[in-house]
Amino acid sequence: MMKRVFGVNKEKEKQPPLTSIEEASNRSTKRGESVDEKIRKLDAALTRYKEQIKRTRPGPAREAIKARALRALKQKRIYEGQRDVLSSQSFNLDQVASAAEEIKDAQQTKVKGVTKIGQ
């Protein structure tokens, strides 16, 4: 009844569940692997285009293959940039996770030290 009268705080309602650092790192790594697979496919396409350019005579057909190869090369560069960003994000998340573990360890040793002193 109160929700009908006063409404619901939309911020509390729409908040996604919090994820751990490890989960975020795993997702970032999976996306990086996906981008790597796309880069491998583009590499294969570029080698095919290179062979086709060698076999075709100069003219419009060769120019069309060159244009396709250039598009594939641009796309590959874009994916490589995305891969670099994802790998740096993954590295940063791993660093944060290790720092968090070090803090937990330091807190536990501090608590053990305090209990020994208190005895």
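Some housekeeping. This is a predicted model, in which local features need pLDDT of at least 70 and side-chain atom pairs count only at pLDDT 80 or more, while totals for chains, interfaces and linings use all residues. Residues are numbered from 1 along each chain as its sequence is written, and side-chain values use heavy atoms, with hydrogens and water left out.

Now the fold. The protein has four helices and zero strands, and along the sequence the pattern reads α-α-α-α. Helices (H or I, at least four residues) and strands (E, at least two) are DSSP runs, numbered from the N terminus. The protein has 119 residues, of which 16% count as buried.

Helix α3 covers residues 21-55, which is 35 residues. From its first C-alpha to its last, α3 reaches 51 Å, close to the 51 Å expected at 1.5 Å a residue. The expected span is 1.5 Å times one less than the number of residues. Several residues of α3 are buried, among them A24, S28, G32, I39, L42 and Y49. V35 also sits in α3, and V35 counts as buried because its relative accessibility is 7%. The C-alpha of V35 is 9.9 Å from that of G81, and the two residues are 46 apart along the chain. E33 is another α3 residue; with a relative accessible area of 47%, E33 is partly exposed. Between the C-alpha atoms of E33 and S87, 54 residues apart along the chain, the separation is 9.8 Å.

Next, the charged pairs. Side chains of opposite charge can pair when their charged atoms come close. A salt bridge here is a side-chain nitrogen of Lys or Arg within 4 Å of a carboxyl oxygen of Asp or Glu. How many salt bridges does a search of the whole structure find? The search gives five, and I'll go through some of them.

K76 and D43 form a salt bridge through their side chains, at 2.6 Å, N to O. That pair links distant parts of the chain, with K76 in helix α4 and D43 in helix α3, 33 residues apart. Is K76 buried or exposed? K76 is buried, at a relative accessible area of 16%. D43, at 30% relative accessibility, counts as partly exposed.

K76 also meets E80 in a salt bridge, at 4.0 Å, N to O. Both K76 and E80 lie in α4, four residues apart, about one turn of the helix. E80 is partly exposed, with 24% relative accessibility. Taken together, D43, K76 and E80 are linked in a network of salt bridges.

That returns us to E63. Its side chain meets that of K66 in a salt bridge at 4.0 Å, N to O. E63 and K66 both lie in α4, three residues apart, about one turn of the helix. An α-helix has 3.6 residues a turn, so residues three or four places apart point the same way. K66 is partly exposed, at 36%.

Last, the surface. E22, E23, E101, E102 and D105 form a negative surface patch. The elements that give two or more residues to this patch are α3 and α4 (60-118). Which element gives the most? That is α4, with three residues. E22 is found in helix α3, and E22 is exposed, with a relative accessible area of 53%.

Patches are made of residues with over 30% relative accessible area and no salt bridge; like charges are joined within 9 Å, and nonpolar side chains (Val, Leu, Ile, Met, Phe, Trp, Tyr) within 5 Å.

Note on methods: Buried < 20%, exposed > 50% of the residue type's maximum accessible area, 1.4 Å probe, protein only. Areas by Shrake-Rupley, 256 points an atom, 1.4 Å probe, with all protein chains shown as cover. Lys, Arg positive; Asp, Glu negative; His and termini not counted. Charge placed at Lys NZ, Arg CZ, Asp CG, Glu CD.
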